[in-house]
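Please examine the sequence and the structure shown below.

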Amino acid sequence: MNNDSLFKRLLSWIRESSESFDEDMTIQDVDENESFGVVDKQEHIENLEMVRRKVYSEKENKSMRRMEAIYRWFAVLFACFFTFVLIVTVSHMPKTGDLNNPANNEVAERYIKEGLKETGATNIVAGMILDYRAFDTLGESHVLFVAAIVVTILLRLDKKEKDGINTSIIETIGEAEKDDKIFEPKNDTILQKVSLIFVPIIIIFGIYVILNGHLSPGGGFSGGAIIGAALIMYLNAFGFEKTGKFFNEKVYKTVCFSGLAFYALAKCYAFFCGANHLDSHISKGIAGHILSAGLILPLDIAVGCVVACTMYGFYAMFRKGGF
Amino acid sequence: MRDFVQNFPLFSIVGCLLSSSTSSLLKGRAAKWVNTILIMCVGAMSLCVMIYCLKNGPFVYIMGHVPAPWGNEVRGGVLEGGMGLFFSSIMLLSMMGGRKKILEEIEDTKQNLYYILVNLMLCSLIALVYTNDLFTAYVFVEINTISACGLIAIRQIGRTIEAAVRYMIMSLLGSGLFLVGVCMLYDLTGHLLMSNIKESVALLSASGEFREPLLITIAFITMGLAIKSALFPFHAWLPDAYGYSTISSAAILSSLVSKGYIFLLIKIIYRVIGFDIVHDSLLLNVVFGFSALGIIFGSVSAMKEDDIRRMVSYSSVAQIGYIYLGISLGTKEGMVAAVFQILAHAATKSMLFISAIGLTDASNTSRKFTDLTGSAYRNKIAGMGFAAGALSMVGIPLFSGFISKLLFMRAAVNNYGKMMPTMIVLAISTILNAIYFMKTVVRIYSPERNLYEGREGFVKIHTKDQVFYTITVIIFIALNVALGLCSDPILDLISKGLDMFA
Amino acid sequence: MTIFQCILLFFLLVCAIAVSFSKNLLNSVLIFMSYSVIMSIVWMLLESPDLAITEAAVGAGITSVLFFVTLNRIHAIFKSAGKKKEDVKEEGNE
Amino acid sequence: MFGENLLNNYAEAVSMIIFAIGFTNLLLHKNLIKKIIGLNIMDTAVYLFLALKGYIKGRTAPIISNGVIEADKYINPIPSGLVLTGIVVSVSVTALMLALTIRLYKRYHTLDLDEISFRLRKEGR
C-alpha cells in the first residue's frame, strides 16, 4: 500500500544516489551466489554501513527526510482515525458487566447449569473448552504443533560443515556452537544453586496445575508452560550437556507425537459417539475428585506434556539450533 | 444412528491431523506416500459427501454430545463437498508436478516436515470449508496462515525468508481484524454459530438496533479476509512469495490458500450476515473499487515483469480482483461467477506455475524471457501446458477462463449501477492479459536459434525422463478443458450449493 | 475496585505507548513483559483466573524468554558480539 | 456520533485504543522486533476486550465451589474459553515470527525490512 509506493519512489532516488558503491557491492554479490553469509562478515558490515550512511542518513538526502516526515504524519493520522472508529464502535456496544447483554444468553446459562452434570468438571471453563467446544481446542493444539514444525524448519541445523559456496543462509552446527558459547553461563554457582532449589518446586507446581485443571484454575496449557519454563531455567544453569542426558530430540518427537495422536484419537472417538448418539463408555466420576470429569484429565495431561516439550524445544532451537 | 457418510467430514479432518503428527516420525519418502494417500482419501470422502448431499440435502454434524449452540458442529452441503474434492485434487496435482523440485530444493532431513505442512494445510482448508462456527474458522485460519508461511520459507534463500516475513505481517494484520470482528459479533449477538448469528443479525437489522457497530464489524471481517487473500492494496508480499518458493508451494499457495479465505468470506456473507443485508450495503462498493483497481494494477505490473514466475504471480493479483469483483456485484449471478472463477483460476494458475518450472528447467533454470526463447521446443509438454494456461487466462473459448469472463459479463448486465465500469475493466484487463501472455507464448514458441547449442543447461528434456510431470500437465489441461466445455453441470451444482447455503 | 482497575488500565496504556517509543530493544521487551503482568492482574480482577494464570505463565514467562534469546542471537544485548553491536543498536534507535 | 454507553464502556475503549496502538506498531515500525511486540499487544488487547465482555458485575469466577450451582452466581464462561484458545495461537505465532527474525538477521545483518528489500532489488535475486 502507501508503504510500497513510498518505497518505490524512495528506491528510484536511492538508485542514482548510490551509484558509486553500487559496483563494488554488485561484483561481490555476483561472485558468491545468493548468500551474504559466506563473505567475511566484517567487510560485509562495512558495506552495509556505507549503504546506510548513504541511504538512511538524514543530512545526505533531503527528499528522503521529507518522505519520512510525510510518512510519519500519515501514520499518525491513520492511527488517530482508526482509534476514533474503534471508540465510536465501542460506544455503541452493549454495557459492560450488564446482566442482560446479548452475550449472557441460554448458551452460557446451560454451561453453568448443566456443565457439572454433563462434563463432570468443577471448573466450568475447562469443561467448556475440553468438552463442549473441544473442536476448537483440537485445532489450537495443532496450531502450536505447526508453529513448532515451522520453527524447526527455520532453525534446526543439520549441516555439519559448509559444503562449498552454495550453502545458502543456513549456518552450520559448528558456527552455532561458537555463537552460543558467547552467551553460555560459565557455570554460574549462584544460578546453579538457586535453580537446584527452585526447579523442582516449579515443576511440582506445574504438575499440580495440570492435574487440577478440571477442579481449579489452570489446565494443560498453563501447566505445560510452567514446566517448560522450569526446564529452560535448568538448561540455563547447567548447559546443554546435562539436559541432553534426559531430554534429546528423540524424547521431544516421541512425546509430541504420542500426546497429539492420543488427543486426536480420543476426541475423534468422543465426537463419533456423540454425533451418532452412541454411549461412549467414559465415566464422569464423582465431581470434585481428582480422578473425574471423564476425558478432561487425560487430555490435560497430554496437552501439558506437548506444551512443555514444545516450549523447551523452542528455546533449544532458538539457542543453538538443535538439542 | 445417522448415515455413515455424514461422518466423513470428521474423518477427513482428524485423518489429516493424525497423519501430520505421524509424519513427524517418518522419513521423507514414507511421509510422501502418507501425504499422497491422505489427499486421495480426503478427495474421495468429499466426493461421497457431495453425492450424498445431492440426493438428500445438506446435513449438520454435531461435534460432541451436545447439540449446536452449545457444542461445535460442521455442516455438509453440495458446495462444501465439491470444494473439498476440488481442493484436494488440485493439491494432489501440484504435489505430483513439483516432486522433483522438492527433492532438489529442500534439505533431505527436512523433507518430511514439508509433507507435514501440506497435510496441515489440507486439514485447515477442509475445516474452513466444512465448519459452521466462526471461532473454529479463526483457529483453522491461523493453522492455514502458519503452514503457508512454512511452505514459503522452507526453501531457505534470502528472498523466501523476506517474503515469508512480509506474508506473516500482512496476514497477522488480517487475522487481528478478523478476530476483533468475530469478538464484536459475539458481543452483539451472543452467538458464535453461523446460523444463530444470522437469526439475531436479521432481528437487529430489522429493529435498527446496533446499526453502526454491525456495519463496522462486517467491515472488519471483510477487510481482514481481503488482506489475507491479497486483494489489491495488500498484495505487497505476493510476488516474492509466489515467485521464489519451491514450485509445489507456489502452486498450492496461489491456487488454494487465498481461495480458502475467499470461500470463507462467501460463506460468511451467506450464512452469517445474510445476503439480502449485504447486497445493498456501501461496503460492497468499496470492495468493488479495490477489485477493479487490483485487476488493472495486477495486469499492468505483470506486463512490466521480465521474470516468468513473477509475471504469473502478478497475474494472480488480477485474478483475485476478478473474484472480488464477482462478489461485490451483489447478485446471485455474480456469486456464481465468483465461485466458478475460484475453480477456473485454481486449475489454471497451478498449471501455469507447474509448466513454467518445466520451461525454466530446460533453459538453465533462468527465468528471464531472453533465456526462455524457444524453450517450448526443448520441453514440449511444459510448453503445451503453458500455452493452454495462457489461452485460458486470456479467455479463449473452450478453456475455463472464457466461461468465467462470460459469467462476469452476464452478472454485470443485471446490476445497473456497476455494469459500465465492470465492462470497461473486463475489456481492459482482457487486452492486457492478451498482450503479456501472448508475448510469453510467442517467445517460448519462437523457433530455436543456434546460440543455445554450446551453452550447458539448455538441454532438451524428453518426456520419458519426466513421466510424473507429463501426466500431471496432461491432467491439468484435461481439467481445464473440462471446466471450459461442460460448464453447465458445474454451474448447476454451484447454484444448487449456493441455495443450500442460505 | 474500579479505581484500582482504572489505574491498571492507565498503566496498560502507558506501557503500550512506551514500547513503541523506547529507544532500546531490550527496554521495549522488558516493558512488554510488565504489560503482560499488568494484563494478568486485570484479568484476575475480571474474575477469570484461568486467563490470569495462563497469561502470567506465557506472556510474562515464555514469550519474554523467547524475546531475550532472540535478542541474544541478533546480538542486541551483549558487548561480546562486539563488531555487530553498533548497527543493531542503531536499528534499535530509530 | 458517539453512543450513549461510552462512559460505561471505558474499559473497552481502553482496550480498543491499545489494539489500535498495536496495529499501528505492526504496520508502521521498521524494526521487526517492535513489529512482533506490536502484534502481541494487538492480540492481548482483543483478549482484554473479550474478557470484559464476559464479565458480569457482582459475580464470581465460574468454578463451582462445594457444589452450589446457581446460574446467577457465576460470570459468562465462554469468553474465557475463547481467550485461552487465542493465547495459544498468539504465542505460537510469536515464536514463529522470532524464528523468522533470527534467520533474516543471519542472512542480512539488519532488522529493517525496507533496507532488506532495497538490497534484494540491488542483488537481483
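Which residues form a nonpolar patch on the surface?

## Basis of the report

This is a predicted model, in which local features need pLDDT of at least 70 and side-chain atom pairs count only at pLDDT 80 or more, while totals for chains, interfaces and linings use all residues. Residues are numbered from 1 along each chain as its sequence is written, chains are lettered from A in the order in which they are written, and side-chain values use heavy atoms, without hydrogens and water.

## The surface patch

The nonpolar patch consists of Ile190(A), Val194(A), Leu196(A), Ile197(A), Phe198(A) and Ile201(A), which together have about 580 Å² of accessible area. Areas come from the Shrake-Rupley method with a 1.4 Å probe, and for residues only the protein chains shown count as cover.

Phe198(A) lies in helix H9 (residues 189–211) of chain A. Because its relative accessibility is 42%, Phe198(A) counts as partly exposed (buried is under 20%, exposed over 50%, partly exposed in between).

## Chain A

Chain A has 12 helices and zero strands (DSSP runs of H or I, at least four residues, and of E, at least two). Of its 323 residues, 57% are buried.

How values were computed. Patch = residues over 30% accessible without salt bridge, like charges linked within 9 Å, V, L, I, M, F, W, Y side chains within 5 Å. Salt bridge = Lys/Arg side-chain N within 4 Å of Asp/Glu carboxyl O. Buried < 20%, exposed > 50% of the residue type's maximum accessible area, 1.4 Å probe, protein only.
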